[in-house]
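Me: I'm new to this one, so let's go through it together. Can you put it up first?

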Amino acid sequence: MDENIPQPPAAPPSPVLPPPAFPPPSPIEAPAPSNKRRANAVIIGSAAAVIAAIVTTGIVVVGATTGSTPNDDKPSTTAAPSSAGEELAAPFAEPDPEPTYAQVDADSFSIDLRTTERQCFGSAGCNVTVEPDLTYLGSSGDLDPDAVYEITYEIHGDESGPVIQTAELTNQTSLSYRPSLISTASASTELSVEITDITSA
């Protein structure tokens with residue numbers, strides 16, 4: 001290679017340029033919430049308030065029975081009571097009151113005599129068989145069906161003096177007694193009867 005061939009002049013070195021100046025970064029602003037997001041927040045807040053009210057008051061949510069849909073077979077949700085120690089009180093069944101019955105005394109009955117047999121002997125008088133005809137002056141339901149009432153009565157008109165007998169009243173209406181044979185001094189003698197005592201057992 002020939003050293004005498006002229007060489008082109010070398011290019012001057014390119015000046016070093018400073019880096020381009022960029023504007024300082026601006027702070028990033030958060031985009032304003034859209035109306036749609038605000039509406040969603042209101043709906044979510046309302047739903048949370050409704051759920052809180054249901055749990056607080058213990059309201060039972062039950063689906064409507066009319067217009068059923070295929071999802072009606074899902075079990076309904078029952079909210080828990082507001083207080084953990086609260087218990088549902090069972091209805092208290094009061095026992096039936098004991099029945100009360102009337103107090104019975106001699107004035108509770110009226111009594112008459114029913115003549116079943118009569119045999120007279122002229123001036124010697126008559127033999128008369130009588131039975132008590134007893135009537136309770138109140139309602140028979142007022143008498144204790146389990147009690148036995150002993151009714152003592154006295155028959156007047158026998159020539160030997162008063163005849164005292166006792167009848168028993170049971171089951172409110174059943175009267176058991178013994179017929180009385182009375183001997184009168186004459187056929188015109190009238191018999192009378194009165195209740196003297198009543199006891200119950």
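Me: Let's start with glutamate 131: is it buried, partly exposed or exposed?
Reply: This is a predicted model, where local features need pLDDT of at least 70, side-chain atom pairs count only at pLDDT 80 or more, and totals for chains, interfaces and linings use all residues. Residues are numbered from 1 along each chain as its sequence is written, and side-chain values use heavy atoms, leaving out hydrogens and water. Buried means under 20% relative accessible area, exposed over 50%, and partly exposed in between (1.4 Å probe, protein chains only). Glutamate 131 has a relative accessible area of 16%, so the word for glutamate 131 is buried.

Me: Which side chain does glutamate 131 meet in a salt bridge?
Reply: A salt bridge here is a side-chain nitrogen of Lys or Arg within 4 Å of a carboxyl oxygen of Asp or Glu, and a search of the whole structure finds one. Its N to O distance is 3.0 Å, and the partner of glutamate 131 is arginine 114.

Me: How many residues apart are those two, glutamate 131 and arginine 114?
Reply: Strands (E, at least two residues) and helices (H or I, at least four) are DSSP runs, numbered from the N terminus. Glutamate 131 sits in strand β2 (residues 126-136) and arginine 114 in strand β1 (residues 109-120). The pair links distant parts of the chain, and the separation is 17 residues.

Me: What is the relative accessible area of arginine 114?
Reply: Arginine 114 counts as partly exposed, while glutamate 131 is buried. The value for arginine 114 is 36%.

Me: Which residues form the covered face of strand β4?
Reply: In a regular strand, side chains alternate between the two faces of the sheet. Strand β4 covers residues 163-170, and its uncovered face has Ile164, Thr166, Glu168 and Thr170. The covered face has Val163, Gln165, Ala167 and Leu169.

Me: Which residues is proline 179 in contact with, leaving aside its neighbours within four places in sequence?
Reply: Proline 179 lies in the loop between β5 and β6 (180-184), and counts as partly exposed at 41% relative accessibility. Contact means heavy atoms within 4.5 Å. With those neighbours left aside, the contacts of proline 179 are Thr129, Val130, Glu131 and Gln165.
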